[in-house]
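Please consult the sequence and the model while reading.

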Amino acid sequence: MGQLPVMGSDIWRDDPEPLKEFVALATAEGFRPSSIDQGRSVLVRYNQFLQERFKLDLEVAGWREFAAYKFHLAKSGIARTTIRGYLSYVIAFYRVRAQATQDPQLLDLFTRLKAIGLPRKAKSVKWTPFAPDVLARTLEAAKAQAFIGEGLRAVPSEDYAFLMTLLYTGGRAQFYGLKVSDLDFERMELKAVVKGGKSVRIPLHPTLAELLKEHLASRTYHSEFLFRHGHDSVTRTGQKANRQNAWRACKRVQMLAGIEESAHPHRFRKTLATLGKRLGLDPQFLQSILAHESGSMTLDKYAEVELDDGKREFAKLDLCAPQPSQPSRSAVEMIDRLKKRAPKGSEHEWDTLLTVLSQLAESGEFQGAIQQSGGE
């Protein structure tokens, strides 16, 4: 059924044939490597459930076993969103097989599984940026992990260097796998690969550049990666390890700072976007830093308006103050009509005259002159 993906193939060679078939079909259909890996893991657990509960496997299990698995997951207490993810991969397993074989029984089974359905999608948690005081406490806690290096000089910890990298680049958890060669201190740029395998260059802020230079100079180990436990982000295993190490760094600092709210990589990204907008950074610049396809996504998803910011801006308005006069509709329409009546041979002079009239209309003087003349 095709070649197995390179990632995890040594482990996957021992999988049952239905799982190998799913990996091959999903690869041919263009599933992302991360989705294939997650789907395989879910199907391994579902297969174990079938064997323990019904003495069956993926080949012969039907809709009743699927319904039992759904009930089993619901009783386990895991989140509805997680249950949806598990069941969607099980349904996808039968969908790709049914499409590939056009087997009527598989098509019927897939239809029944869809009819059983997925749990109602839970409302996703909308993470907010760090409040200034919480951000300060978090970074101070990370910085306080300083250790004494050569020459008895206190050196900021790797956790501090990593969190500052997240904050000043809007990076994701995968940025834990950055390589030293990804840094260009001469051009003040950082090279990274983001979602979809897109390679981007992110401006290197002077504050972060100095910190990373100090970090590299003080390291007591040699590695091609910027951080001690970084892994190759090209492989699925490396991506997973980088995310785990990124989250561990955030949780260590959260515990040291004694803050109750969750500290995780995405909140640093959100904080950069929100603070950047608040401090007047052009949305197009934010878009390039966050590596978004469009500026609207940057504004809609990340650089949200905080209520306190709205209060400050709203307080600046005086709704009762005299408003600047707007050009009257009649004056504008009259000028538009005159544009079509330029005398032959005098188009340029006519256009100049109408330009002056437009300016007078915008200032309100043109309408006043019309009113004084009785509208003639």
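Q: At what angle do the axes of helix 7 and helix 10 cross?
A: Helix 7 covers residues 132-143 and helix 10 covers residues 236-257; helices here are DSSP runs (H or I, at least four residues) and strands likewise (E, at least two), numbered from the N terminus. Axes are lines fitted to C-alpha atoms, for helices over the stretch in contact, with angles from 0 to 180 degrees between N-to-C directions. The two axes come within 8 Å, and their crossing angle is roughly 105°.

Q: Which word describes the orientation of helix 7 relative to helix 10?
A: Angles under 35 degrees count as roughly parallel, over 145 as roughly antiparallel, 65 to 115 as roughly perpendicular and the rest as oblique. The axes cross at roughly 105°. Helix 7 is therefore, relative to helix 10, roughly perpendicular.

The model is predicted: local features need pLDDT of at least 70 and side-chain atom pairs count only at pLDDT 80 or more, while totals for chains, interfaces and linings use all residues. Residues are numbered from 1 along each chain as its sequence is written, and side-chain values use heavy atoms, with hydrogens and water left out.

Q: Which residues of helix 10 meet helix 7?
A: Contact means heavy atoms within 4.5 Å. From helix 7, Arg137, Thr138, Ala141 and Ala142 take part. Their partners in helix 10 are Val253, Leu256 and Ala257.

Q: Is Lys55 buried or exposed?
A: Lys55 lies in the loop between helix 3 (33-54) and helix 4 (63-76), and its phi is near 60°, a positive value in a residue other than glycine. Buried means under 20% relative accessible area, exposed over 50%, partly exposed in between (1.4 Å probe, protein chains only). Because its relative accessibility is 70%, Lys55 counts as exposed.

Q: Which side chain forms a polar contact with the side chain of Glu189?
A: Glu189 is found in strand 4 and is buried, with a relative accessible area of 16%. A polar contact is a pair of N or O atoms within 3.5 Å; within protein, one must be able to donate a hydrogen and the other to accept it, and residues adjacent in sequence count only if both atoms are side-chain atoms. At 3.3 Å, the partner of Glu189 is Arg187.

Q: What distance separates the C-alpha atoms of Ile116 and Trp63?
A: Ile116 belongs to helix 6 (residues 104-116). Leaving aside neighbours within four places in sequence, Ile116 is in contact with residues including Trp63. These two residues are 53 apart along the chain, and their C-alpha separation is 8.1 Å.
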